[in-house]
Amino acid sequence: MPNTLLKDGTVISFDEATKSIKVLEKASILIKGDRIARISENANDIDLPADVEVVDVSGKIISPGFTNTHSHMWQTAYRSMAPNCTLTQYLVWISQMASAARSFTPDDIYISCLEGYLEAINSGVTTVVEHANQHWDESVFEPAYNAAVDGGARVWYCFGVNDQPHYSEATQYEGLARLQQRKDDSRGLVSLGIALDSILQMDKEKVEKTKALIKQMHLQAITLHVLGGPWFRGNASSSPTALSDHGFQDLDIPIIFSHGPFVTSTDRDALRKHNWNLAITPESELHYGHGHKTSKLVLDQASLGVDTNFTFSGDMLAQTRLFLQHTRGEQYATTLDAAKIPQNCPFDVEEAFLLVTRHGGLAVRTEDVGVLREGAKADIVVVDGESPNMLGWTNAVAALVLHANVGDIEHVLVDGEFRKRDRKLVLKKGDWGDISKRFASTARRIQEEHKAGRPNLEGEVMGMELGEVESISTRR
Ligand SMILES: [Zn+2]
């Protein structure tokens, strides 16, 4: 394992004593193997191992790697094909439930997922909670997992078990057991979990059986979608309250609920009581109209995600910025509706930053991910502080959340190893020329096959009553 000294940068460290961010100017980080061994404001105070590589990071901002707690990487090949699509159109047209998904070959799935993980690393995302719902066929089961391993990020890989006539649930569990027995060199970075949207169709007996299987297989996380309100008849059986009533807390593993725009106060209590997490995906929730009306009330148990990167940016700094300012806007609106002018700013930039770093680690109950402190995992992003859009910063956190873009991300380390260096990906496996060619060809073919299929929907879809939305236009 390599030893590296990141020397003399501005370090956004985390102070465990006060549970808050502590920015250290001109500090150095010694990485030994996969962990941060020392952080010091005086590089001369650090005892260096003989084989250390010293990397000068003066003028740069050193941040914990960003976390994305909700993604569906197989969909990356759809990139840009559905910019004006509603959620129900997506579900009927190109989701895992639609026949369109069947046109992915095993190689398409692999390359689509791999490109998704590489996009993440390129933009400084080092931890991903993958909701792997490409569950239509055995042939695409393993390629998606292989891409998670080969991508090089830290991944909680949660496969969406979903019983189907030609691909039984039993076969899917066997597949999960097979993955668990694999001894890849990189297995340490990929944890296996389960995605449980199928709970919507389960009776009590089935839920108990599923819980027993999760325990027996030592799965390390559960993730599932929950919307509530008018969506999917309230999603009542996938809510935190429902899982609490079923006693999922007894499994004592992380549970990440995605979206939660209509979580009730009982749901929020359950999240807090059982230390479960809500993955808020700012851009997708604005695009599809879920909003953040109640999810923002439980930010102490929340983190941020992308959802699906074929329509939404994989850049978590962009997602964070969007969430910060949209939430501020909503808070201000209440004051303005009362004909008053805001006297305070309701949501601090530091808190938004914690949502996309430390809270991502806490979502998977991992205290040493998403923070820079001695003993933590060396998942680190080095950001150029001297680009035209960054120059002049004095507040490192504000500079990242409000001004940085992917082009500023110079180095990315995962588990102590460079995965991006000098703005170029350092691939764990394969060659970028080959990967990019294969991905582009897959994306073109799949998009060509489906471009004409977007349905116009009216009336009722999947038990949901559709209502017309007033359109707006630049045209007169
Ligand atoms: Zn999702």
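Me: What separates the C-alpha centres of domain 1 and domain 2?

Reply: In this predicted model, the centres lie 28 Å apart. Domain 1 takes in 3-64 + 375-425, and domain 2 is 66-363.

Me: Why is the pair D379 and R154 called a salt bridge?

Reply: The N to O distance between the two side chains is 2.7 Å. The rule asks for a side-chain nitrogen of Lys or Arg within 4 Å of a carboxyl oxygen of Asp or Glu, so the pair D379 and R154, at 2.7 Å, qualifies. Between domain 1 and domain 2 the count is 2 salt bridges.

Me: Which elements supply at least two residues each of the side of domain 1 that touches domain 2?

Reply: They are strand 1 (3-15), strand 5 (60-64), helix 12 (396-403), strand 15 (409-414) and strand 16 (417-421). Helix 12 gives the largest share, 6 residues.

Me: How many residues of domain 1 are in contact with domain 2, and what makes them count?

Reply: 26 residues of domain 1 are in contact with 24 residues of domain 2. They count because contact requires heavy atoms within 4.5 Å. By class, this side of domain 1 has 17 nonpolar, 3 polar and 6 charged residues.

Me: How do you know what area domain 1 and domain 2 bury, and on which atoms?

Reply: The value is the accessible area that the two parts lose on being put together, summed over both. For domain 1 and domain 2 this is about 2200 Å², with 69% of it on carbon and sulfur atoms. Across the same interface, 5 residue pairs are in polar contact.

Methods
Residues are numbered from 1 along each chain as its sequence is written. This is a predicted model: local features need pLDDT of at least 70, side-chain atom pairs count only at pLDDT 80 or more; totals for chains, interfaces and linings use all residues. Side-chain values use heavy atoms; hydrogens and water are left out. Domain bounds come from an automatic or database domain assignment. Buried area is the accessible area (1.4 Å probe) that two parts lose on being put together, summed over both. A polar contact is a pair of N or O atoms within 3.5 Å; within protein, one must be able to donate a hydrogen and the other to accept it, and residues adjacent in sequence count only if both atoms are side-chain atoms. Helices (H or I, at least four residues) and strands (E, at least two) are DSSP runs, numbered from the N terminus. Ala, Val, Leu, Ile, Met, Phe, Trp, Tyr, Cys and Pro count as nonpolar, Asp, Glu, Lys and Arg as charged, and the others, Gly among them, as polar.
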